[in-house]
Amino acid sequence: METLAEIIVGIRSENLDRSFTYRVPQGMEIQVGSRVVVPFGRQRLEGYCITVITGAEDKEQADFEYKEIEALLDDAPVLTEELIELSAWGAARWLCSRTDLLKAMVPAGLRFTTSKWVTLLEDAESETPELLWLRENGPVALAAWQKLFPSTVRANELRRLQQKGIIKLNNRESRGIGQKKVQSAHLLSAGQVALPMGKKQDLALELLRKHGSMALTALADVGVSRATVHSMAKKGWIAICEQLVRRDPLSGETFLATGSIELTAAQVEAIRQVGSACNRTGREVVLLHGVTGSGKTEVYLQAIGKVVAAGMGSILLVPEIALTPQMIERFVARFGRLVAVLHSRLSAGERHDEWWRIVTGEALVVVGARLAVFAPFKQLGLIVLDEEHEASYKQDETPRYHARDVAMWRAKKHGAALVLGSATPSLESYNAALSGKYALCLLPERVENRPLPPVDVVDMRQELKEGHRSIFSRALLNALEKVQQEKKQAILLLNRRGYATFVLCRGCGFVMRCKMCNVSLKFHLAEEVLRCHYCDYREPYPSQCPVCASRYIKHFGTGTQKVAEELQKHFPTLRAARVDADSTAQKGAYQKIFGAFKIGSVDVLIGTQMVAKGLDFPNVTLVGVVTADTTINLPDFRAGERTFQLLTQVAGRAGRGNFGGRVLVQTYTPEHYAIQAARTHDFETFFAQESKARKELGYPPYAVFIRLLLTGSEEDKVEGAASLLASLLEATEILGPSPCPLERIRGQFRWQVVARGQALEPLLLKVREAAETFRKSLFSGSVRLVLDVEPQSLL
């Protein structure tokens, strides 16, 4: 009898999206969730064990013989049996491969990968630039070499160079990040009474008597060389051995311990409802709808505290990495070393170590962005989605899962509670609560009876009529002056990074556009370049129009860089900091900026939507929205909802302390219902009006959408593919086929067909059948099909 294992192989192919059976070698302790290396054709690939079959019939004497698993990648399974089961459900739910979901669950740094490397053979001639570069720089990853010389290093040229014996290609494997080990010196009993012969030995013994052991690198930092350490080891004073070192994402941070605070009556009721969900005596999903500043975070903390006391795990999800520093500070202050952090800004080593802290049960509370929803707890008691309305909870690349739905499935599987918190719930969640699917819990007032800040809407059309042409209205300038006089703080929101939004020739009307995308290039002042925010194409700022040679070419529009410049012109003594994708690209940039704002060394925070939610700074008395029209004019059915949410959320940053607050919203469309509802903090009125429009049009949440996105380099083929898909879905109600509002990105033309239905399951079946037929058609070779179940955007 032998042991077999069903393995999902880590290769992306529609035809291979199933498990394969392998023999388990004797002595290999494989479990469901283990990662393995298996032979697959001529390759060695990573695989995930989904089933172990013990006592299987011995096949050695039969006609067929199973291949054997070559290696076990981890000491313990990185995925739980529940997560393996989740991958099967999720693949059907989001019309993706099971491999895609399994890879999304495992932190990138842990993955086993193979890549092709290219080596220049010693006797080969190397006259061309790409070969000269290869001779100087040695073996290199083929992908990196092709990226450096894209026009010359192509498939045909690679074959020619190999046939002539000029280069050699070979596969290299990486098992990913493992545990970090360092050499350490440990004090032995003989060292306790040793009489050192020199100052360095004396120093080393003094430190080791104090700490017990120290890394050799730490001793070197204080002047104790390796030679000195080895000399002491020979005398039997110390032992040198390897020691595991945790890569702690919070190292160097100090958090003052805090306890529970007194709750309002509404918060007490909220915790009671969450407790009922945890105990399965109430609905398992609770929508916590609380105005900004109503104390939702304290509800999370105390509810999680009860789960931790029961020895079970909890997950808190935040939509933006920018929100994690403040959340981490509050949670570590309450739960200490029980907190693990998971998000994409961690190093591969930090992600590895935090993941294993969860696997081993060392951490019971996980705080992180979307990927933290897969935290490998064996016993989950509570999952919280803070700012549950945020679109960033839906992944915008394969697998296109929504963290809310993953959390709902996991909560049901574990018998745990799920809390969806927001001041501006999504229409889907609020509709589910009103229909009785979720429990609805309200926090209608701010803590300590603080009032919501008044919101004044400034009509920028009137400003222009009266001759005021600044990007800051007169009201906003006066409010900023007051902030300066009173030594308070302000937040300015503009959901558009860069310096200017487009560059226009006033001679012929030509607009500088990306060569690969059908969008205007944005001007970035610091680098003096034009950049595409979709593919990152760059070109220098032109001195004359490339079409008519006119010198009357200029940048127009406003980005965060220009707002910062204009602020300095009007208020040179105000200290400002920008928070956008450019200014926070480096690791730790968020923490540095928000830390400076927290201690008062920054007066004005200027940012995109990163500054609109979750931040709690009591000294902020002014929030200014430079233009509310950025999102409202997008050709997307969620544009009104996104605008209301953004304005309400950013308004909630003001008046959180004892000094009160004020919000100024500048707009060219002050009459829009989303702006008017945000002006009065009136979610119910907005929900009623938006719901009515959605119901009449047959849009979510009153219908289900599945988007079929087609992309390719030849527009006629993309259009033809869209027409074919529409015909395959003729028995289904569809929108389109039509070009996407963003018609071309990264050189790829984009068309879409949107399938619409009243129930998800039947629609999934019809779309899956249409997609399978399409992939057998002639179009599938040149046109890529992407399936997006319940899309967050149709751009």
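Helices here are DSSP runs of H or I at least four residues long, strands are E runs of at least two, and both are numbered from the N terminus. The expected span of a helix is 1.5 Å times one less than its number of residues. Take helix H24 (residues 715-728): at 1.5 Å a residue its 14 residues should span 20 Å, and its end C-alpha atoms are 20 Å apart, which agrees.

A word on the model itself. It is predicted, so local features need pLDDT of at least 70 and side-chain atom pairs count only at pLDDT 80 or more, while totals for chains, interfaces and linings use all residues. Residues are numbered from 1 along each chain as its sequence is written, and side-chain values use heavy atoms, with hydrogens and water left out.

Back to H24. Its buried residues (under 20% relative accessible area, 1.4 Å probe, protein chains only) are Val718, Ala721, Ala722, Leu725 and Ala726. Looking down the axis of H24, they fall within an arc of 140° (taken from the directions from the helix axis to the C-beta atoms), so they line one face of the helix. Their cover includes strands E30 (704-712), E31 (733-745), E32 (748-757) and E33 (784-789), plus helix H25 (760-774).

Next, the open sheet. Six strands make it up, in the order E19-E29-E28-E20-E27-E26, with parallel pairing; two strands pair if DSSP finds at least two bridges between them. At the edges sit E19 (455-459) and E26 (576-579), each pairing on one side only. The twist averages 20° from one strand to the next. E19 is joined to E29 (residues 662-667) by five bridges, and aspartate 459 stands opposite threonine 667 in E29.

Axes are lines fitted to C-alpha atoms, for helices over the stretch in contact, and angles run from 0 to 180 degrees between N-to-C directions.

| Helix | Strands touched | Angle |
|---|---|---|
| H18 (residues 560-570) | E20, E26, E27 | about 150° with E27 |
| H21 (residues 639-651) | E19, E20, E28, E29 | about 160° with E28 |

Finally, a buried glutamate. Glutamate 388 lies in the loop between strand E16 (380-386) and helix H14 (403-414). At 0% relative accessibility, glutamate 388 counts as buried. Leaving aside neighbours within four places in sequence, glutamate 388 is in contact with residues including Leu287, Tyr393, Arg404, Leu420 and Ser429.

Technical notes:
Contact means heavy atoms within 4.5 Å. Buried means under 20% relative accessible area, exposed over 50%, partly exposed in between (1.4 Å probe, protein chains only).
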